[in-house]
Amino acid sequence: MTTAAPSSRVLAHPARAEIRLEGVLHALSDPLRLLVVRELARDDAGLTCSDFALPVTKSTSTHHFRVLREAGVIQQIYRGTAKLNALRRADLDDLFPGLLDSVLAAAAHQADRLADED
């Protein structure tokens, strides 16, 4: 059951049992969303949306964060006027053992390979 969003200050997140592999894979399939997840994986404390230097408009950035949240990849909570983003690593590792680590390792390998080509 999806957590309801009673006000604009509380964001809806899927319950752990609602997270589906195909939704997670879709969320991770976009290069910008994968970049966000890679950065969140390096920071256990969480990051605000403005901590990311994404080369897109604010509305497009908001869309990417929403896709990640609705897929169950990240959790977003308000801290004052900013949204704090954190990876739902425990949920993802429990539901899909090894998936996140494999995707992050593959993304790092690809980034290294592409950097070597430049």
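**Terms and values**

Mentor: Let us start with Arg69, which is found in helix H3, where helices (H or I, at least four residues) and strands (E, at least two) are DSSP runs, numbered from the N terminus. This is a predicted model, in which local features need pLDDT of at least 70 and side-chain atom pairs count only at pLDDT 80 or more, while totals for chains, interfaces and linings use all residues. Residues are numbered from 1 along each chain as its sequence is written, and side-chain values use heavy atoms, with hydrogens and water left out.

Trainee: Why is Arg69 called buried?
Mentor: Buried means under 20% relative accessible area, exposed over 50%, and partly exposed in between (1.4 Å probe, protein chains only); Arg69 has 9% relative accessibility and therefore counts as buried. If neighbours within four places in sequence are left aside, Arg69 is in contact, meaning heavy atoms within 4.5 Å, with Leu11, Ala12, His13, Pro14, Ile74 and Gln76.

Trainee: Is His64 buried or exposed, and why?
Mentor: His64 has a relative accessible area of 7%, so this residue is buried. His64 is also found in H3, which covers residues 58-71, and, apart from neighbours within four places in sequence, His64 is in contact with Asp30, Leu32 and Arg33.

Trainee: What makes the pair of His64 and Arg33 a polar contact?
Mentor: A polar contact is a pair of N or O atoms within 3.5 Å; within protein, one must be able to donate a hydrogen and the other to accept it, and residues adjacent in sequence count only if both atoms are side-chain atoms. The side chains of His64 and Arg33 are joined by such a contact at 3.1 Å. Arg33 is itself one of the buried residues of helix H2 (residues 31-41), and at the start of H2 a side-chain oxygen of Asp30 reaches to within 2.8 Å of the backbone nitrogen of Leu32.

Trainee: Why is Ala41 called partly exposed?
Mentor: The relative accessible area of Ala41 is 23%, so Ala41 is partly exposed. Ala41 lies in H2, and its C-alpha atom is separated by 9.5 Å from that of Asp101, 60 residues apart along the chain.

Trainee: Why is Ser50 called exposed?
Mentor: Ser50 has a relative accessible area of 67%, and therefore Ser50 is exposed. Ser50 is found in the loop between S1 and H3, and a polar contact of 3.1 Å joins its side chain to that of Thr48.

Trainee: Which residues lie nearest the centre of the largest pocket?
Mentor: A pocket, on a 1 Å grid over the protein atoms alone, is an open set of points where a 1.4 Å probe fits, with protein on both sides within 12 Å along at least five of seven lines, and lining residues have an atom within 4 Å of a point. The largest pocket is lined by 19 residues, of which Cys49, Ser50, Lys58, Ser61 and Thr62 lie nearest its centre. The largest share of this lining, six residues, comes from H3.
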